[in-house]
Amino acid sequence: MNVFAFILATLLLLSACGSNAGGNGGNAAADASPGSASPAQGGSSGEASAGDKVKISFIHWRGEDAEAFDSIIQKFEQEHPNIQVETQVFPSEQYQTVAQAKLSDGSVGDVFASFPGAQFEALAKAGLYTDLSGESFLANFTDTLIEAGQKDGKQLAIPYQLVYNIPIYNADIFERYGLTPPKDWDGFLAMAEKLKSEGLIPIAFPGADIGPGQFMNPMVMNNAPDPDIFVKLEAGEAKLTDEWWVKTLSQFKELNDKGYFQPNALGTKDQGAGALFVQEKAAILATGSYQLAQNKKSNPNLKQKLLAPITVPADQAVYEGIHTTTFMLGVNAKSKHPEEAKAFIEFLSRKDIAGEYANATGQNVTVKDVEYSTEELKTVAEWTTKKTRFQPRFTIKNGEVQKAVTNSIQAVLGGQSPEDAAKEAQAIVDQQLGK
């Protein structure tokens, strides 16, 4: 019996020595990455032991950037072998409605992008941003271009893209007919009439989805040059029934009534309007610089530039265009892997990586000292010296108010008078203000 007890004790000891202390059922070797690091270098933030591969989720809305991000993520994972980045992409309109629900339990979107304005405010109010104030990688960004991600003295999100929300025009078509970007509203109408007389669609307008929210910005910028006009609207200090918005709606109606938009503009989505421009059936696309690269990919012969409608006499124009800092990167406050998420944002903030992203996607970025190589990005760079204002629509913090504003544009294109459309929109604003 003593011999048997000795053998049994020995077997039990050997079994204990052979067990996996990592807690993976003896299969840790199959899941282990080639090395480990501190959290700042991609190591575990406490949810997994050293050597485990941590998966983080990155969600955004730019499907056209998937190839560029795949390449960048591959490089990130090579540098951080114990972090795996999984991406999930939603259409932009859908993203604005589903992002908050997706982020709420922390299982999705360790790193996530957000729009400035109403979405940023809603996510901040829900407590879904990790405070990034004091992170060393903030020094890689131009200070003035990341202000849209600040709230209550904290840097909650970091805008990654610098875009111009003004129409794109076909420079070859303009040259063919001796046209230049107009300096006033009469000139804009004359330009559109000339294009129409030549059998072209003057302006491809995606009225069914993104068009109203994009084109409203340059249309209103000089009619209401006060950059806080929509802030005052939400404070009850301005009204959509005032002259500045009624005039803007009247000018939308004028463009539509004179046939300067394509037929059934209200039924045309972004993709359809883009196709008209890429096929050179339309001379202008009423969206923004973010579509330059996509257009060029579809038609390599396109020569594109940017213009903004000047809705007032030239001597009354305060602004030349609209800019937005958007695609705001944040770390989910409910993430189980915040350090790994920050490591990914730090990687994106490096000027060589930001440059790779910019030149692959045609998006200017907020990172300092990036070198742009494409024709489209150099075109956008021309606008950095012009007087532009931050996108007015994104100064609207209440989603219902924002919707009322853009819906009033669609109402006018559908036949309603500017006065009535403005009155109905203001009623929604009043309701939101509790009046």
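Let us start with aromatic rings: in this predicted model, the count comes to 25 aromatic pairs. One of them joins Trp61 and Phe327. How do these two rings meet? The pair is edge-to-face, with 5.1 Å from centre to centre and 70° between the planes.

Now find the two partners along the chain. Trp61 sits in the loop between strand 1 (54–60) and helix 3 (66–79), while Phe327 belongs to strand 11 (residues 321–331), so their pairing ties together parts that are 266 residues apart in sequence. Are these residues buried or exposed? Buried means under 20% relative accessible area. Trp61 has 10% relative accessibility, so Trp61 counts as buried. Phe327 has 0%, so Phe327 counts as buried too.

Next, let us turn to a pair of helices. Two packed helices are described by the angle between their axes and the distance between the axes. For helix 10 (residues 243–257) and helix 17 (residues 418–432), the axes come within 9 Å and cross at roughly 130°. That angle makes helix 10 oblique to helix 17. The crossing of helix 10 past helix 17 is right-handed.

Which residues make the contact? Helix 10 brings Trp245, Val246, Leu249, Ser250 and Lys253, and helix 17 brings Pro418, Glu419, Ala421 and Ala422.

Note on methods: Residues are numbered from 1 along each chain as its sequence is written. This is a predicted model: local features need pLDDT of at least 70, side-chain atom pairs count only at pLDDT 80 or more; totals for chains, interfaces and linings use all residues. Side-chain values use heavy atoms; hydrogens and water are left out. Axes are lines fitted to C-alpha atoms, for helices over the stretch in contact, and angles run from 0 to 180 degrees between N-to-C directions. Helices (H or I, at least four residues) and strands (E, at least two) are DSSP runs, numbered from the N terminus. Angles under 35 degrees count as roughly parallel, over 145 as roughly antiparallel, 65 to 115 as roughly perpendicular and the rest as oblique. A crossing is left-handed if the near helix is turned anticlockwise from the far one by less than a right angle, and right-handed if clockwise. Contact means heavy atoms within 4.5 Å. Rings of Phe, Tyr and Trp (its six-membered ring) pair if their centres lie within 6.5 Å; planes under 30 degrees apart count as stacked, over 60 as edge-to-face and the rest as tilted. Buried means under 20% relative accessible area, exposed over 50%, partly exposed in between (1.4 Å probe, protein chains only).
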